Amino acid sequence: MAEYESHDYDVIIIGAGGAGLRAAIEAKARGLRTALICKSLLGKAHTVMAEGGVAAAMGNVYPEDSWQIHFRDTMRGGKMLNNWRMAQLHAQEAPDRVQELEAWGALFDRTPDGRILQRDFGGHRFARLAHVGDRTGLEMIRTLQQRVVSMDVDVFMECKILGLVADAEGVVSGAVGYWRPTGEMVVFSAKAVVLATGGAGKSWKYTSNSWECTGDGHAMALWAGADLIDMECVQFHPTGMVWPLSVRGLLVTEGVRGDGGVLRNSEGTRFMFNYVAEMFRAETADSEEEADRWYEDHSAGRRTPELLPRDEVARAINTEVKAGRGSPHGGVFLDIATRRSPEYIRRRLPSMYHQFMELAGVDITAEPMEVGPTCHYIMGGVRVEADTGAATVPGLFVAGEVAGGMHGANRLGGNSLSDLLVFGRRAGMGASDYAAGRSGAPKPDEGEIQHSITEALAPFERTDGENPYELHQELQEMMQTLVGIIRTGDELERALGELDVLRDRAAKVTVGGGRAYNPGWNLATDLPAMLTLSRCVTLGARDRKESRGGHTREDFPTADPEFGKVNLVQRQPSGGGVNGDIKIAPEPIPEMPPELAELFEESH
Amino acid sequence: MSVEAPTVTPVQLGGPRGGPAVRTLRTDNWWVQPTISVIVLTAFVVYSTWAVFVNKDYYVGAAAHRDLISPFYSPCITGSCVAGAHGTFFVLTWWHITPAVLILGGPLGFRLTCYYYRRAYYRGFWQSPPACGVGDAHTKYTGETRFPLILQNVHRYFFLLGLVFNTILTIDAVMAFRLPGDGTFGVSIGTLVLVTNAALLWMYSLSCHAARHLCGGNVRSFSTHPIRYRIWRFLTPLNARHMQLAWISLVFVALTDLYVRLVSAGVFSDPKIF
Amino acid sequence: MSDVTMNVWRGDGDGGDFAEYTLPSQEGEVVLDVIHRIQATQAGDLACRWNCKAGKCGSCSAEVNGKPRLMCMTRMDQLPEGPVTVAPMKAFPIIRDLVTDVSFNFEMAKQVPAFAPPPRPEGGYRMQQIDIERGQEFRKCIECFMCQDVCHVIRDHEENKAHYAGPRFFIRYAELEMHPLDTNDRRELVRQKAGLGMCNITKCCTEVCPEHIKITDNAIIPMKERVVDASYDPVAWLGRKILRRQKASPGEAAAHGA
């Protein structure tokens, strides 16, 4: 029987991005023995990549703004597939969460009267994003990280969690993993577990996500018996870098467009005016003059179509490129150089300036950028109870990108950072209450622990097997081609077949070297989660026979009102990990109470 | 509230370092910069020591229709000063060796404790470190925490003292325009040299880090100290040029002395422009 | 296509050596891309730390041709011709290959007394942009720890680690000391426990900072001057005695005045 190190806590939080950090702060503040576990070093989580800002209806720039309008924007942006209660809590609580960050040392940009400055972003009716230049995520993670450190939360870094472990009654009671620096096994037992593992973009070839975003949390929750919803809703951010190839997919913040940048095709046309969907026509400018007036004063015109929700813009870019009006490297042009002064650009978008200067040799104050869609965010995720973040298995709480429902079919820019704060706190509260009410020491099942360890170490036992790097590349190529931004039924079926093959090959992965900091092995242990995640996305995409938000079907190009009433719920009732059988079925989405439904009657 | 003793977790310093056991892996010419520093600083020290102890040819007086004094010898306030060179207000009549010794302490101390020169000589002379990513030449290192280097902390007083010298050199430069016995006002190459020298010294002094701190950098809140903020804003770009100003003003002081010296020694006469 | 030759350090705490890898060069690549290709094709267990590959997380710090660099932001075509040497950060113990144990930095982070603002007023804090810009510069820090690595105080003198916080934390202290709302005075702590006096301002931290933070000019030297105010300046000391404002920092005065 394999040996392992043990730790016991009241609450463990897996993942130290914004949501995990915020959950840890909450649990610790409530006096619980709290541990924070992260796959890389503290403060390196993907939250640092968030650029534009954190959406909160504080009304510092436009006093007319309110949580109701934010709520409405969020729901409309999500094509009404959102969990209304999550969207409501999010809109109501985000301002407090942002203010709280300031008390912990965050330094947001200011308005002339000394309040937090807010900027425009896609899909938000008013300038609503509190920001720090274009490095808001860094500011947020550093603030939360420093808070966690000052509260003396136990942080376990570079620890890869392989799976959740339940007790004999099926209550989630801990997690098993290994230390990346040594390769030694470790088990955390806990009265409550918070999953805050973030995204899953690493299953696609062109992605803005870092290596960590392998969908561990989605997969672990599913394997532990939790429900996943709407996994087909994957956001492709419209503006990723397309050249040089080695940085293809790297994010170009929406802030470029928020600050005046426009999209042009190879003919120099601002093509977004041709892609305004019916739903947004009433509030979107129909001429360049009107859009430019709007930048100066939002009451002088309707908003520019460049700032439509991300799914709309991504599809438009995709269409332009397919029609042969793309840029030399297969994107379109994002031009801010001709529209704003070099000083303004450097002050407002310093990291973008450096990113293009250093990686592509492009001076964005003088030339347009080349951009194209890149896999960015997964709206689908673990089904949770809005107020507590509780998943459908007891003992498990989920927050952040790994949770589903908040963003519906498409997420608005800036709503993810506020999501992390609002639901990180709520999951921390939910887990704390649950842990406080749970009697006796948690007893994670020894059999499950040993099974996970054996599986994880198996690649060392094999010889002449598959190379994990090759397998990962093939998975990414396949998902990019068959389950990318535009999908068809045939391709999705083919993808499921390919996934079966990849799964069989993944069972034969072999790695060389020892267990200490072995990236080949680390990747091998990430593969099961990526395969499960890819399968869930593909299954969801196959069954959602419509186009909605981040999910676009070429064979069903419009939204179907019937599908608008359901979540596609996936679960794995008989266990089995990556080899388990996934059941998928539509279930009605929770119905909005009338006072909120009123907000959507065309009167705004 | 002053926080002096927080609860401290014992520092875990980890195991052996491993890694390549070489002084540096740099392949570029990292030694060029420290070498240049050493050469220029040594040249200046040698020249200035000679200029100080030679004790002659530091003043061009009325006989040549000029009033040019070397910056190394101004203010000339000892009994040993040549006629006409010293002011009338204060003279140490009992001082008989070179007057420059008395003066040099101020500017020397200012440059010696200057944050930029510290970098230059710690890198160049002390090799601690000679360049980034190149091993320190010393096995023990305590920085500026002990005597004598802890005295670097008095830099701000040398800065203030430097301002006195700058003022005197400015007066020297202005007075030089009188061109005694050659009209009431005129411009010569010598006067321009003195003016440039004084201006560079002012810019060097004002770009000093202590100046930037004292004038406004020490406040927490700029918005409640608008005037200090404006001064700070003015000095900050100068401060960014502190290194360049340190070198230029250093070389120019020596050149100014050399110019006065050559004219005084009669190698050539100071040409009048108008 | 021409080839590139990489000399990459392989080893752990018990020692190691450079291993040579040759592979075809590709357009627009950065050092990290080449390391990844080595992993995928020649050495699956070559350890390197990385996350975002966009210069934002500060994970992939290493010494490229002897200089601390972010591997993800170092373009191959901007390095001089010839083999490229990639070694781990020297100041920290090696875990394996290019990965070092940077826990020193996390320990130092624990010693920083937290931000201590006054209670939040109704409607939130008010701060002016000009008051936060100094702090914002320091908060650009991505914690790549290359300034810590290049700082000879600990790079060449392991024994100093026990009482030296390093440039990364000097900017953290500076940020807090310059925060318009903070009420702590950390100057004595910075002088003693954090070892500010150990720094001899040779500016290597500023040279290597990938965020171009002017660590020395804008943080360390201002902090040294503030320490002079608190501990070394006789006139300031006398002034405090006369005014009976023991250790009152200008910030406190401002906070109380506001």
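Colleague: Hi! What percentage of the residues in chain B are buried?

Modeller: Hello! This is a predicted model, and in it 38% of the 274 residues in chain B are buried.

Colleague: How many helices and strands does chain B have?

Modeller: Chain B has eight helices and two strands. Starting at the N terminus, the order of elements is α-β-β-α-α-α-α-α-α-α.

Colleague: And what box do the C-alpha atoms of chain B fill?

Modeller: Along the principal axes, the box is roughly 80 × 50 × 40 Å. On contacts within chain B, take those between residues at least 6 apart in sequence: 66% of them join residues at least 24 apart.

Colleague: Let's go to the chain pairs. Which chains share the most contacts?

Modeller: Two pairs of chains are in contact, and chains B and C share the most contacts. Chain A and chain B have no contact joining them, and their closest C-alpha atoms lie 10 Å apart.

Colleague: How many residues does the contact take from chain C and from chain B?

Modeller: It takes 68 residues from chain C and 52 residues from chain B. On the side of chain C that touches chain B, helix α9 of chain C (residues 215-232) gives the largest share, eight residues. That side of chain C divides into 28 nonpolar, 20 polar and 20 charged residues.

Colleague: While we're on chain C, which domains does the assignment give?

Modeller: For chain C, the domain assignment gives domain 1 (3-100) and domain 2 (103-257). The C-alpha centres of these domains of chain C lie 32 Å apart.

Colleague: How many residues are in contact between domain 1 and domain 2 of chain C?

Modeller: Twelve residues of domain 1 of chain C are in contact with 13 residues of domain 2 of chain C. The domain 1 side of that contact divides into seven nonpolar, three polar and two charged residues.

Colleague: On phi, then: what is the value for L179(B)?

Modeller: L179(B) is not a glycine, yet its phi is positive, about 45°. You'll find L179(B) in the loop between α4 and α5 (189-206) of chain B.

Colleague: Is L179(B) buried or exposed?

Modeller: L179(B) is buried, because 22 other C-beta atoms lie within 10 Å and the cut-off for buried is 20 or more.

Colleague: And what is phi for K53(C)?

Modeller: Phi of K53(C) is near 55°, a positive value in a residue other than glycine. K53(C) is in the loop between α1 (31-41) and β3 (61-64) of chain C. K53(C) counts as buried, with 25 C-beta neighbours inside 10 Å.

Colleague: What about sheets? What is the strand order in the open sheet of three strands in chain A?

Modeller: The order is β3-β5-β4, with antiparallel pairing. β3 (54-55) and β4 (118-119) of chain A stand at the edges with a single partner strand each, so one side of each has no neighbour in the sheet.

Colleague: How many bridges join β4(A) to β5 of chain A?

Modeller: Two bridges join β4(A) to strand β5 (residues 129-130) of chain A. Within this pairing, R119(A) stands opposite L129(A) in β5(A).

Colleague: Last one: how many bridges join β17(A) to β18 of chain A?

Modeller: Six bridges join β17(A) to strand β18 (residues 583-588) of chain A, and the two run antiparallel. The bridge partner of R571(A) in β18(A) is K583(A). Strand β17 (residues 566-571) of chain A is also joined by two bridges to strand β10 (residues 228-229) of chain A, again antiparallel. There, I229(A) has V569(A) as its bridge partner in β17(A).

Technical notes:
Residues numbered from 1 in each chain as written. Chains lettered and ligands numbered in written order. Predicted model: local features only at pLDDT ≥ 70, side-chain atom pairs only at ≥ 80, totals over all residues. Contact = placed C-beta atoms within 7 Å. Helix = DSSP H or I, 4+ residues; strand = E, 2+ residues; numbered from the N terminus. Nonpolar A, V, L, I, M, F, W, Y, C, P; charged D, E, K, R; others polar. Pairing = 2+ DSSP bridges. Domains from an automatic or database assignment. Buried ≥ 20, exposed ≤ 12 C-beta atoms within 10 Å, placed from the backbone.
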